[in-house]
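Student: Please take a close look at one part of this model. I would like its setting first, then what lies elsewhere.

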Amino acid sequence: MSRRAMVAGNWKMNGSLAGNASLLEGLVAAMPGHDRIDVVVCPPACYLESVGALCDGGLLLGAQNLADQGKPGAFTGELFGGMLKDVGCSHVIVGHSERRALYGETDEVVAAKFRLAQDNGLIPVLCLGESLDEREGGQTETILARQLNAVIDHVGIAAFETAVIAYEPVWAIGTGKTASPEQAQSAHAFLRAQLAGRDARIAALVRILYGGSVKPDNANELFGLEDVDGGLIGGASLKAADFNAICAAAQSA
Ligand SMILES: O=C(CO)COP(=O)(O)O
């Protein structure tokens, strides 16, 4: 990998005040050894401020979602991008497959959220990925192209200069089934070629993370792939030893 790597922990709907504090203690202690990569933690929204206060040594804070609304107002339960920035977030996950599948986020909503993240000074981590049916039906590239181009068409390719992409095959999320190195490299190279079709310079600099059952024992191989620039980590981001081991794999890739 030739780009600066990133490892982001998506805690999903997990955590507690006491548990977060001990996890952060473990992550912060290891940060001096992770100086060649960007490390981001994305706790549930109610913990953003308390976790942010514990982020030290360059550890970055991200949110898991933001509202598809351009200004604050009467949107019960939603979080305006500017509020996430206000409490210290630098990044926000956009279009995670759980949001798409369980909360009905369409390509259009994802594209709107991507733009609103950037409008509010946040770096979007745009998640893309095919389901098992789609892969088995030979639709992987069609789906990835559709999901990516929906955003590019909405925001323009220049916006990707300050964005991160995460390839997360849905069938690999939380299942213990990781994409093979060939499957991951092929999907990442395809996404980069899609970007290059719009702008070769931007395609070369965008970081494309892999997500889906990344663990300490497979991180080295995945992060060694040419077009894999780090990982978006679910389950293994909840244990300091595992997340630190994954960060160490990215640091040495
Ligand atoms: O969805 C993911 C990260 O966003 C991946 O989750 P797991 O690492 O638990 O498979």
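Tutor: Helices, of at least four residues, and strands, of at least two, are DSSP runs numbered from the N terminus. The model is predicted. Start with Val-170. Val-170 sits in the loop that links strand S6 (164-167) and helix H8 (181-196). Buried or exposed? Val-170 is buried, because 21 other C-beta atoms lie within 10 Å, and the cut-off for buried is 20 or more. Its contacts come next. Neighbours within four places in sequence are left aside here. Val-170 then touches Ser-97, Gly-129, Glu-130, Ser-131 and Leu-132. Gly-224 is another matter: 54 residues along the chain from Val-170, with a C-alpha separation of 22 Å.

Last, a helix pair. Helix H5 (residues 107-119) packs on helix H7 (residues 140-155) at about 50°, and their axes are 9 Å apart. H5 is therefore oblique to H7. The crossing of H5 and H7 is right-handed. From H5, the contact uses Asp-107, Glu-108, Val-110, Ala-111, Phe-114 and Arg-115. From H7, Arg-146, Gln-147, Ala-150, Val-151, His-154 and Val-155 take part. The H5 and H7 contact comprises 6 nonpolar, 2 polar and 4 charged residues.

Note on methods:
Residues are numbered from 1 along each chain as its sequence is written. This is a predicted model: local features need pLDDT of at least 70, side-chain atom pairs count only at pLDDT 80 or more; totals for chains, interfaces and linings use all residues. A residue is buried if 20 or more other C-beta atoms lie within 10 Å of its own, exposed if 12 or fewer, and partly exposed in between; C-beta atoms are placed from the backbone. Two residues are in contact if their C-beta atoms, placed from the backbone, lie within 7 Å. Axes are lines fitted to C-alpha atoms, for helices over the stretch in contact, and angles run from 0 to 180 degrees between N-to-C directions. Angles under 35 degrees count as roughly parallel, over 145 as roughly antiparallel, 65 to 115 as roughly perpendicular and the rest as oblique. A crossing is left-handed if the near helix is turned anticlockwise from the far one by less than a right angle, and right-handed if clockwise. Ala, Val, Leu, Ile, Met, Phe, Trp, Tyr, Cys and Pro count as nonpolar, Asp, Glu, Lys and Arg as charged, and the others, Gly among them, as polar.
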